[in-house]
Amino acid sequence: MKLNEEEREILAGGQGRAVQKAMQILLALGKIYGAERMIPVTSVQIAGVSYANLGEAGLKFLSEMVDGGGKARVLATLNPAGMDIENWESLGISPEFARDQERVIEAFAHMNVVTTCSCTPYLAGNTPHYGEHIAWAESSAVCYANSVLGARTNREGGPSALAASLTGRTPEYGFHLDENRVPRVSIDVQAHLDQDVDNLATHLFGALGRAIGEKLEALGKKPVSYILGVERASVEELKSFCASIATYGGTALFHMEGITPEADHFSPPEDTIIVTQDDLETALQALNDTTSEQVDFVSLGCPHLSIREIGRIAALLEGKKVVKEFWITTARPTKKIADTMGYTRVIEASGAKFATDTCCVVAPIKGRFKALATDSAKACYYAYAKNKFHTLLKPFDQVVAEALGEKGVEPR
Ligand code: F3S
């Protein structure tokens, strides 16, 4: 790879051990993927934050980077941690885990990484613009950044994202290059996305993400797709869709006619996959394998909730009491807005709990519950894969009704 003068100095150790190590990581990655040079990034999002995933080996790596003088050179935020940093006790997290998780957060803080732990950094102050080169790690956020924002990122691992933050660079390959952003297959959505007035058909967009993702996965490769037939989509529906298509199809970039910013640059490819109403129904059914009676855990916020979604939950919970454990997962800056707007008071008075900085997948809750109700197709996947929870996928409002023990209309 061709390095400029400063990059060569970093590599030679002239700017400290941590940034030297970071450059070595990026150089190795660039060589593997045939990058010709490094490019500057404006934003970083780092995954591998939960102590449950990192363990002592991961913490040792972070400590070495701290000791080596590592400091973030660009705005960098974190993926969800294993617990709410302030409110872990009420979520039933053990003091031992809390201590270890705090060590992880402190290590990042030493490196000037902003310790906002969220998979929706674009809703919490880390919002790149169209065309910006960035280095993000969380699969749903990567898909959202590439597709919906039109920023450019590969799916980084924890170490490569940290390395990008310490150097302010990433190797130029993959989705940073124009030629890899060209759609190779059209997806003709013929299913009806029954959107309500609030544009919170998050469960349907999650099911659509599964239906499309599985068809792409079956191709045995992961082509960039050009999606037709979706008339409109809100931020909340798109974040649900991105999380799902990334989970079930490994998708990091799609274009959606009339909705995503790069779609106009391309014509739909001739090679077309049709998604029928039956495909959508099949995906919905596959995400439901339990009943309301079995559900003992309810969660909204995969990916982390927007302030609009929190406002909706507050309106539905006002003056009522939940009868099931109900986690509301979001980024701390979003929770602060909820505090200011009076939503937190209403939600907490109902007995529902904010699980800020974390989520129902990364928190260490295996064995505590039997069945999860959610509006998120991604949460359904990991609730079973990681924790062996059964799942009930419901429309947003009906998930809240589930927590209240109210009998709602059955989901379609
Ligand atoms: Fe975010 Fe956790 Fe879902 S990281 S996308 S809320 S699994």
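**Presentation: helices, loops and a ligand shell**

Good morning. I begin with asparagine 112, which is partly exposed because its relative accessible area is 48%; buried means under 20%, exposed over 50%, and partly exposed in between, with a 1.4 Å probe and protein chains only. Before going on, I note that this is a predicted model, in which local features need pLDDT of at least 70 and side-chain atom pairs count only at pLDDT 80 or more, while totals for chains, interfaces and linings use all residues. Residues are numbered from 1 along each chain as its sequence is written, and side-chain values use heavy atoms, with hydrogens and water left out.

Asparagine 112 sits in the loop between helix H4 (95–110) and strand S4 (135–136). Here helices (H or I, at least four residues) and strands (E, at least two) are DSSP runs, numbered from the N terminus. Most residues other than glycine have a negative phi, and most peptide bonds are trans. Asparagine 112 is not a glycine, yet has a positive phi of about 65°. Aspartate 357, also a residue other than glycine, has a positive phi near 70°. Aspartate 357 belongs to the loop between strand S12 (353–356) and strand S13 (371–374). Is aspartate 357 buried or exposed? Aspartate 357 counts as buried, because its relative accessibility is 2%.

Next, the cis peptide bond. Cysteine 302 and proline 303 are joined by it, with omega about -5°. Proline 303 lies in the loop between strand S10 (297–300) and helix H10 (307–317). Both Cys302 and Pro303 are among the residues surrounding the ligand, together with Pro80, Cys119, Ser140, Gly301, Cys359, Val361 and Lys378; a residue is near a molecule or strand if one of its heavy atoms lies within 4 Å of it. This shell comprises six nonpolar, two polar and one charged residue. Ala, Val, Leu, Ile, Met, Phe, Trp, Tyr, Cys and Pro count as nonpolar, Asp, Glu, Lys and Arg as charged, and the others, Gly among them, as polar.

I turn to the helices. How do helix H2 and helix H3 cross? The axes of H2 (residues 17–32) and H3 (residues 51–67) come within 7 Å and cross at roughly 125°, which means that H2 is oblique to H3. Axes are lines fitted to C-alpha atoms, for helices over the stretch in contact, and angles run from 0 to 180 degrees between N-to-C directions. Angles under 35 degrees count as roughly parallel, over 145 as roughly antiparallel, 65 to 115 as roughly perpendicular, and the rest as oblique. From H2, Arg17, Ala18, Lys21, Ala22 and Ile25 meet Phe61, Met65 and Asp67 of H3, contact being heavy atoms within 4.5 Å. This contact of H2 with H3 has five nonpolar, no polar and three charged residues.

Helix H8 (residues 235–249) is mostly covered, with 14 of its 15 residues buried.

Finally, alanine 211 in helix H7 (residues 202–218) is buried because its relative accessibility is 6%. Neighbours within four places in sequence aside, alanine 211 is in contact with Val275, Asp279 and Ala283. Its C-alpha lies 9.2 Å from that of threonine 276, 65 residues apart along the chain.
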